[in-house]
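Please inspect the structure before reading each solution.

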Amino acid sequence: MPFSSLSDPVVIARALSASEAAWARVKDEQIMMFGSEEAEQTRLKFIVASLAPLALGSGLIDQIQKMTAAAMQMAEKKVWAHRS
């Protein structure tokens, strides 16, 4: 479970929302995937969950923005690495 390391229900809900927003952007931009769609979506959730504790010190809105931006950067790095 990607979000099992998080305990606060609000943080879990925000992290899930951030991962869904990032996934929608990945799909919209047609970023190349290495595995199945389900596997890539799960990997993105783990990335967002791992970044959630880093964002806890800021406000909730900032947290969502940071997690979404970080997840998108990871997705972009993955695409560029694959294209090289």
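**Exercise 1.** Identify the side-chain oxygen that reaches a backbone nitrogen at the start of H1.

*Solution.* A side-chain oxygen of Asp8 comes within 2.9 Å of the backbone nitrogen of Val10. The model is predicted: local features need pLDDT of at least 70, side-chain atom pairs count only at pLDDT 80 or more, and totals for chains, interfaces and linings use all residues. Residues are numbered from 1 along each chain as its sequence is written, and side-chain values use heavy atoms, with hydrogens and water left out. Helices are DSSP runs (H or I, at least four residues), numbered from the N terminus.

**Exercise 2.** Determine which residues of H1 are buried and how they are arranged.

*Solution.* Buried means under 20% relative accessible area, exposed over 50%, and partly exposed in between (1.4 Å probe, protein chains only). By this criterion Val11, Ala15, Ala18, Ser19, Ala22, Trp23 and Val26 are buried. Viewed down the axis of H1, they fall within an arc of 135° (taken from the directions from the helix axis to the C-beta atoms), so they line one face of the helix. The face turned away from this buried side carries the exposed residues Pro9 and Asp28.

**Exercise 3.** Find the salt bridges and place each in the chain.

*Solution.* A salt bridge is a side-chain nitrogen of Lys or Arg within 4 Å of a carboxyl oxygen of Asp or Glu; the count is two. Lys27 pairs with Glu37 at 3.0 Å, N to O, linking helix H1 (residues 9-28) to helix H2 (residues 37-55). Arg43 pairs with Glu40 at 2.4 Å, N to O, and both lie in helix H2, three residues apart. Glu40 is buried at 4%, whereas Arg43 is partly exposed at 39%.

Key. Helix = DSSP H or I, 4+ residues; strand = E, 2+ residues; numbered from the N terminus. Polar contact = N/O pair within 3.5 Å; in protein donor to acceptor, adjacent residues only side chain to side chain.
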